[in-house]
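Colleague: I am new to this one and would like to go through it with you. Please show it first.

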Amino acid sequence: MRLTSQRVFVIHPNKDPKVSLSERLQQLLREQKQSWPDLARGYAVLSETKTRLIECEGSPVILQFNPGRIKSTSARVDEKSIQSRKCFLCIENLPDEQRAILYQDNFLILCNPAPIFDRHFTISHTNHVAQSLEAFPGVFLDLAFELSPSYTVFYNGPKCGASAPDHLHFQVCPSNILPIEALAGNETKRILKTTDNAVSVWTLSSCGRQILVIESKDKKEMELAVGLLLRAMRRTLAVTDEPMVNVLCSFADGRWQMIIFPRSKHRPDVYYREGGDQVLISPAAVDLGGVIITPLEKDFVSVDAKIVEGIFKEVSLDAQAVERILGAW
Ligand SMILES: [Zn+2]
(Lines give C-alpha, C1' and ligand atoms only; values in the text may rest on other atoms or scores of the structure.)
Protein backbone atom coordinates (compact mmCIF):
# COMPACT_ATOMS: atom_id res chain seq x y z
CA MET A 1 0.00 0.00 0.00
CA ARG A 2 1.17 3.54 -0.72
CA LEU A 3 2.18 5.84 2.05
CA THR A 4 -0.40 8.65 2.28
CA SER A 5 0.55 12.22 3.12
CA GLN A 6 -1.75 11.98 6.15
CA ARG A 7 0.41 9.14 7.49
CA VAL A 8 3.68 11.05 7.14
CA PHE A 9 4.36 13.36 10.08
CA VAL A 10 7.60 14.68 8.59
CA ILE A 11 10.31 13.51 6.20
CA HIS A 12 13.84 13.16 7.56
CA PRO A 13 16.26 14.38 6.42
CA ASN A 14 14.52 17.33 4.77
CA LYS A 15 15.40 20.89 3.79
CA ASP A 16 15.47 22.07 7.40
CA PRO A 17 18.74 20.68 8.77
CA LYS A 18 18.39 22.66 12.01
CA VAL A 19 15.93 20.16 13.48
CA SER A 20 17.66 17.01 14.70
CA LEU A 21 16.15 13.56 14.41
CA SER A 22 15.94 13.36 18.21
CA GLU A 23 13.84 16.54 18.26
CA ARG A 24 11.60 15.11 15.57
CA LEU A 25 11.02 11.99 17.65
CA GLN A 26 9.95 14.18 20.57
CA GLN A 27 7.61 16.16 18.32
CA LEU A 28 6.07 12.98 16.91
CA LEU A 29 5.54 11.54 20.39
CA ARG A 30 3.92 14.75 21.63
CA GLU A 31 1.56 14.88 18.64
CA GLN A 32 0.66 11.19 18.80
CA LYS A 33 -0.16 11.30 22.53
CA GLN A 34 -2.73 13.99 21.62
CA SER A 35 -4.19 12.42 18.49
CA TRP A 36 -3.98 8.67 19.15
CA PRO A 37 -5.97 7.52 22.24
CA ASP A 38 -4.44 4.02 22.29
CA LEU A 39 -0.96 5.51 22.54
CA ALA A 40 -2.03 7.82 25.36
CA ARG A 41 -3.45 4.75 27.13
CA GLY A 42 -0.18 2.85 26.56
CA TYR A 43 1.79 5.63 28.25
CA ALA A 44 -0.78 5.81 31.05
CA VAL A 45 -0.20 2.08 31.70
CA LEU A 46 3.56 2.71 31.66
CA SER A 47 3.23 5.47 34.26
CA GLU A 48 1.63 2.92 36.62
CA THR A 49 4.33 0.28 36.23
CA LYS A 50 6.25 -0.90 39.25
CA THR A 51 9.95 -1.72 39.27
CA ARG A 52 12.20 -3.73 41.53
CA LEU A 53 16.00 -3.93 41.58
CA ILE A 54 17.78 -7.26 41.93
CA GLU A 55 21.45 -8.26 41.69
CA CYS A 56 22.26 -10.89 39.11
CA GLU A 57 25.76 -12.32 39.58
CA GLY A 58 27.07 -8.89 40.47
CA SER A 59 25.21 -6.92 37.80
CA PRO A 60 22.06 -4.89 38.45
CA VAL A 61 18.79 -6.01 36.87
CA ILE A 62 15.53 -4.08 37.05
CA LEU A 63 12.25 -5.98 36.99
CA GLN A 64 9.44 -3.99 35.40
CA PHE A 65 5.83 -5.07 36.00
CA ASN A 66 4.17 -3.90 32.79
CA PRO A 67 0.75 -5.42 31.95
CA GLY A 68 0.76 -3.45 28.67
CA ARG A 69 3.37 -5.89 27.33
CA ILE A 70 1.26 -9.05 27.63
CA LYS A 71 0.58 -9.18 23.86
CA SER A 72 4.23 -8.87 22.92
CA THR A 73 5.54 -11.24 25.60
CA SER A 74 3.04 -13.95 24.74
CA ALA A 75 3.15 -13.43 20.95
CA ARG A 76 3.20 -16.63 18.93
CA VAL A 77 6.13 -16.36 16.54
CA ASP A 78 6.11 -19.80 14.94
CA GLU A 79 5.89 -19.78 11.16
CA LYS A 80 2.25 -20.93 11.00
CA SER A 81 1.03 -18.28 13.45
CA ILE A 82 3.01 -15.57 11.65
CA GLN A 83 1.61 -16.56 8.26
CA SER A 84 -1.97 -16.58 9.47
CA ARG A 85 -1.94 -13.14 11.13
CA LYS A 86 -2.03 -9.69 9.58
CA CYS A 87 1.41 -8.12 9.85
CA PHE A 88 1.07 -5.24 12.33
CA LEU A 89 4.01 -3.36 10.83
CA CYS A 90 2.73 -3.31 7.23
CA ILE A 91 1.47 0.15 6.29
CA GLU A 92 -2.04 -1.05 5.43
CA ASN A 93 -2.47 -2.56 8.91
CA LEU A 94 -1.25 0.37 10.99
CA PRO A 95 -3.94 2.04 13.14
CA ASP A 96 -5.58 4.99 11.35
CA GLU A 97 -4.25 7.44 13.93
CA GLN A 98 -0.65 6.25 13.71
CA ARG A 99 1.75 8.63 11.96
CA ALA A 100 5.39 8.25 11.06
CA ILE A 101 8.64 10.05 10.37
CA LEU A 102 9.68 8.88 6.91
CA TYR A 103 13.40 8.16 7.38
CA GLN A 104 15.89 7.65 4.55
CA ASP A 105 13.00 7.06 2.08
CA ASN A 106 12.41 3.44 3.16
CA PHE A 107 11.86 3.48 6.91
CA LEU A 108 9.03 4.61 9.19
CA ILE A 109 9.75 5.85 12.70
CA LEU A 110 6.66 5.01 14.75
CA CYS A 111 5.61 5.45 18.36
CA ASN A 112 5.41 2.05 20.08
CA PRO A 113 1.86 1.74 21.48
CA ALA A 114 2.99 -0.61 24.29
CA PRO A 115 5.96 1.36 25.64
CA ILE A 116 8.57 0.03 28.04
CA PHE A 117 10.27 3.46 28.32
CA ASP A 118 9.00 7.04 28.51
CA ARG A 119 10.26 7.40 24.92
CA HIS A 120 9.95 4.17 22.94
CA PHE A 121 9.88 3.99 19.13
CA THR A 122 9.80 1.32 16.45
CA ILE A 123 11.54 1.82 13.11
CA SER A 124 10.10 -0.41 10.41
CA HIS A 125 10.81 -0.86 6.72
CA THR A 126 8.12 0.51 4.41
CA ASN A 127 7.95 -2.93 2.75
CA HIS A 128 7.28 -6.36 4.18
CA VAL A 129 10.90 -7.61 4.15
CA ALA A 130 12.26 -10.16 6.62
CA GLN A 131 13.98 -9.19 9.87
CA SER A 132 17.74 -9.28 9.22
CA LEU A 133 20.61 -7.31 10.70
CA GLU A 134 22.94 -8.70 8.05
CA ALA A 135 20.88 -7.12 5.29
CA PHE A 136 20.55 -3.67 6.89
CA PRO A 137 23.50 -2.88 9.18
CA GLY A 138 23.98 0.59 7.65
CA VAL A 139 20.64 2.06 8.69
CA PHE A 140 21.06 0.60 12.19
CA LEU A 141 24.35 2.51 12.53
CA ASP A 142 22.93 5.67 10.93
CA LEU A 143 20.07 5.72 13.44
CA ALA A 144 22.48 5.31 16.37
CA PHE A 145 24.64 8.15 15.02
CA GLU A 146 21.78 10.54 14.33
CA LEU A 147 20.00 9.84 17.60
CA SER A 148 23.09 10.24 19.80
CA PRO A 149 23.43 11.20 22.57
CA SER A 150 19.74 10.91 23.44
CA TYR A 151 18.90 7.39 22.31
CA THR A 152 20.11 3.81 21.93
CA VAL A 153 18.89 1.70 19.00
CA PHE A 154 18.25 -2.01 19.40
CA TYR A 155 17.63 -5.10 17.29
CA ASN A 156 16.04 -8.44 18.10
CA GLY A 157 16.82 -11.34 15.78
CA PRO A 158 13.91 -13.07 14.01
CA LYS A 159 14.28 -16.16 16.18
CA CYS A 160 15.07 -14.54 19.53
CA GLY A 161 12.69 -11.79 20.47
CA ALA A 162 11.33 -10.00 17.39
CA SER A 163 7.53 -10.13 17.61
CA ALA A 164 7.41 -9.46 13.84
CA PRO A 165 10.16 -11.78 12.55
CA ASP A 166 8.80 -11.35 9.03
CA HIS A 167 9.00 -7.54 8.91
CA LEU A 168 12.30 -5.67 9.34
CA HIS A 169 12.31 -3.38 12.36
CA PHE A 170 14.56 -1.79 14.96
CA GLN A 171 13.56 -0.08 18.20
CA VAL A 172 14.76 2.98 20.04
CA CYS A 173 14.95 3.67 23.79
CA PRO A 174 16.49 6.50 25.85
CA SER A 175 20.26 6.06 26.10
CA ASN A 176 21.83 4.63 29.26
CA ILE A 177 18.50 3.45 30.62
CA LEU A 178 19.58 -0.20 30.30
CA PRO A 179 22.02 -1.13 33.11
CA ILE A 180 24.28 -3.04 30.72
CA GLU A 181 25.29 0.18 28.95
CA ALA A 182 27.17 1.41 32.04
CA LEU A 183 28.75 -2.02 32.54
CA ALA A 184 29.94 -2.11 28.91
CA GLY A 185 32.09 0.95 29.58
CA ASN A 186 33.45 -0.40 32.87
CA GLU A 187 37.16 -1.20 32.46
CA THR A 188 37.09 -3.78 35.25
CA LYS A 189 34.47 -5.77 33.32
CA ARG A 190 36.04 -5.56 29.86
CA ILE A 191 38.32 -8.26 28.53
CA LEU A 192 39.95 -7.19 25.27
CA LYS A 193 39.76 -9.98 22.68
CA THR A 194 41.04 -8.33 19.53
CA THR A 195 41.93 -4.90 18.19
CA ASP A 196 43.39 -3.74 14.91
CA ASN A 197 43.02 0.04 15.30
CA ALA A 198 39.85 0.07 13.21
CA VAL A 199 37.73 -2.30 15.34
CA SER A 200 38.06 -3.50 18.93
CA VAL A 201 36.19 -6.41 20.50
CA TRP A 202 35.70 -7.19 24.18
CA THR A 203 33.77 -9.70 26.23
CA LEU A 204 32.30 -8.62 29.57
CA SER A 205 33.08 -10.67 32.65
CA SER A 206 30.77 -11.49 35.58
CA CYS A 207 27.48 -10.41 34.10
CA GLY A 208 25.67 -13.75 34.30
CA ARG A 209 25.33 -13.93 30.50
CA GLN A 210 27.73 -13.83 27.56
CA ILE A 211 28.20 -10.37 26.07
CA LEU A 212 30.35 -9.03 23.23
CA VAL A 213 31.19 -5.35 22.83
CA ILE A 214 32.38 -4.03 19.47
CA GLU A 215 33.59 -0.46 18.93
CA SER A 216 34.83 1.47 15.92
CA LYS A 217 35.12 5.04 14.68
CA ASP A 218 34.50 3.87 11.14
CA LYS A 219 30.99 3.00 9.98
CA LYS A 220 32.15 0.73 7.15
CA GLU A 221 34.47 -1.20 9.49
CA MET A 222 31.61 -1.60 11.96
CA GLU A 223 29.32 -2.99 9.23
CA LEU A 224 32.05 -5.36 8.17
CA ALA A 225 32.69 -6.51 11.74
CA VAL A 226 29.00 -7.36 12.32
CA GLY A 227 28.85 -9.29 9.05
CA LEU A 228 32.00 -11.23 9.97
CA LEU A 229 30.70 -11.98 13.46
CA LEU A 230 27.41 -13.35 12.14
CA ARG A 231 29.28 -15.42 9.56
CA ALA A 232 31.59 -16.82 12.25
CA MET A 233 28.55 -17.66 14.39
CA ARG A 234 26.84 -19.36 11.47
CA ARG A 235 29.91 -21.53 10.79
CA THR A 236 30.63 -22.32 14.42
CA LEU A 237 27.04 -23.10 15.37
CA ALA A 238 26.28 -24.81 12.03
CA VAL A 239 23.08 -22.82 11.40
CA THR A 240 21.79 -21.59 8.06
CA ASP A 241 19.45 -18.80 9.22
CA GLU A 242 20.71 -15.61 10.83
CA PRO A 243 22.36 -16.67 14.12
CA MET A 244 20.41 -15.61 17.20
CA VAL A 245 21.51 -12.22 18.52
CA ASN A 246 20.08 -9.24 20.36
CA VAL A 247 22.03 -6.06 19.77
CA LEU A 248 22.17 -2.56 21.30
CA CYS A 249 23.85 0.18 19.28
CA SER A 250 24.89 3.67 20.33
CA PHE A 251 27.31 6.40 19.29
CA ALA A 252 29.45 8.45 21.68
CA ASP A 253 32.88 10.13 21.71
CA GLY A 254 33.23 9.71 17.96
CA ARG A 255 32.67 5.96 17.91
CA TRP A 256 29.93 3.41 17.47
CA GLN A 257 29.40 0.75 20.08
CA MET A 258 27.45 -2.46 19.72
CA ILE A 259 26.59 -4.62 22.72
CA ILE A 260 25.77 -8.09 21.43
CA PHE A 261 24.00 -10.91 23.28
CA PRO A 262 24.66 -14.19 21.44
CA ARG A 263 21.75 -16.54 22.11
CA SER A 264 21.24 -20.28 22.29
CA LYS A 265 17.44 -20.29 22.53
CA HIS A 266 14.46 -17.98 22.38
CA ARG A 267 12.35 -18.64 25.45
CA PRO A 268 13.34 -20.41 28.70
CA ASP A 269 11.67 -23.65 29.82
CA VAL A 270 9.79 -21.86 32.62
CA TYR A 271 7.94 -19.89 29.92
CA TYR A 272 6.27 -23.11 28.70
CA ARG A 273 5.32 -24.52 32.11
CA GLU A 274 1.65 -24.92 32.93
CA GLY A 275 -0.39 -23.10 35.57
CA GLY A 276 1.27 -21.43 38.54
CA ASP A 277 4.75 -22.70 37.63
CA GLN A 278 4.84 -20.71 34.42
CA VAL A 279 7.04 -17.59 34.37
CA LEU A 280 6.01 -15.26 31.57
CA ILE A 281 9.38 -13.78 30.65
CA SER A 282 10.36 -13.75 26.98
CA PRO A 283 13.91 -12.39 26.89
CA ALA A 284 15.03 -10.01 24.15
CA ALA A 285 17.44 -7.05 23.92
CA VAL A 286 15.81 -5.00 26.69
CA ASP A 287 15.66 -7.92 29.15
CA LEU A 288 19.24 -9.02 28.47
CA GLY A 289 20.19 -5.34 28.72
CA GLY A 290 19.00 -5.51 32.33
CA VAL A 291 15.33 -4.43 32.30
CA ILE A 292 13.24 -7.58 32.57
CA ILE A 293 9.61 -7.19 31.63
CA THR A 294 7.02 -9.16 33.58
CA PRO A 295 3.47 -8.56 32.26
CA LEU A 296 2.03 -10.60 35.17
CA GLU A 297 2.16 -9.30 38.73
CA LYS A 298 2.66 -12.78 40.21
CA ASP A 299 5.96 -13.06 38.29
CA PHE A 300 7.00 -9.54 39.29
CA VAL A 301 6.53 -10.50 42.94
CA SER A 302 8.06 -13.98 42.84
CA VAL A 303 10.96 -13.75 40.35
CA ASP A 304 14.27 -13.56 42.19
CA ALA A 305 17.97 -13.40 41.29
CA LYS A 306 18.22 -17.18 41.05
CA ILE A 307 15.41 -17.38 38.46
CA VAL A 308 16.87 -14.50 36.43
CA GLU A 309 20.35 -16.03 36.52
CA GLY A 310 18.89 -19.35 35.38
CA ILE A 311 17.00 -17.70 32.50
CA PHE A 312 20.05 -15.69 31.38
CA LYS A 313 22.23 -18.80 31.43
CA GLU A 314 19.66 -20.90 29.59
CA VAL A 315 19.00 -18.51 26.70
CA SER A 316 22.63 -17.30 26.20
CA LEU A 317 25.41 -19.09 24.39
CA ASP A 318 27.95 -20.50 26.82
CA ALA A 319 31.47 -19.09 27.24
CA GLN A 320 33.10 -21.95 25.28
CA ALA A 321 30.86 -21.36 22.26
CA VAL A 322 31.65 -17.64 22.36
CA GLU A 323 35.39 -18.39 22.47
CA ARG A 324 35.01 -20.72 19.47
CA ILE A 325 33.18 -17.94 17.57
CA LEU A 326 35.88 -15.42 18.41
CA GLY A 327 38.45 -17.94 17.17
CA ALA A 328 36.58 -18.33 13.87
CA TRP A 329 36.00 -14.59 13.36
ZN1 LIG B 1 4.69 -6.50 7.27
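**A buried arginine and a zinc site**

Modeller: The backbone oxygen of Cys 207 lies 2.8 Å from a polar side-chain atom of Arg 209. Keep in mind that this is a predicted model.

Colleague: How far from Arg 209 is the nearest side chain of opposite charge?

Modeller: A salt bridge needs a nitrogen and a carboxyl oxygen within 4 Å. Arg 209 is buried and has no salt bridge. The nearest side chain of opposite charge belongs to Glu 57, and the distance is 8.1 Å.

Colleague: With which side chain does the side chain of Arg 209 make a polar contact?

Modeller: Contacts of Arg 209 beyond four places in sequence include Phe 261, Phe 312 and Ser 59. A polar contact of 3.2 Å joins the side chain of Arg 209 to that of Ser 59.

Colleague: What arrangement do the four donor atoms around the zinc ion have?

Modeller: The zinc ion is coordinated by Cys 87 (SG), Cys 90 (SG), His 128 (ND1) and His 167 (ND1), at 2.1 to 2.3 Å. Their angles at the zinc ion run from 99 to 120°. The arrangement is therefore tetrahedral.

Colleague: How many residues apart in sequence are the parts tied together by Cys 90 and His 128?

Modeller: Cys 90 lies in the loop between α4 (79-84) and β4 (100-103). His 128 is in the loop between β6 (121-125) and α5 (137-147), so the pair ties together parts whose separation in residues is 38.

How values were computed
Residues numbered from 1 in each chain as written. Predicted model: local features only at pLDDT ≥ 70, side-chain atom pairs only at ≥ 80, totals over all residues. Heavy atoms only, no water. Buried < 20%, exposed > 50% of the residue type's maximum accessible area, 1.4 Å probe, protein only. Lys, Arg positive; Asp, Glu negative; His and termini not counted. Polar contact = N/O pair within 3.5 Å; in protein donor to acceptor, adjacent residues only side chain to side chain. Contact = heavy atoms within 4.5 Å. Donors = N, O, S within 2.8 Å, 3.2 Å for Na, K, Ca; no water. Tetrahedral: all angles 85-135°; square planar, octahedral: opposite > 155°, others 65-115°. Helix = DSSP H or I, 4+ residues; strand = E, 2+ residues; numbered from the N terminus.
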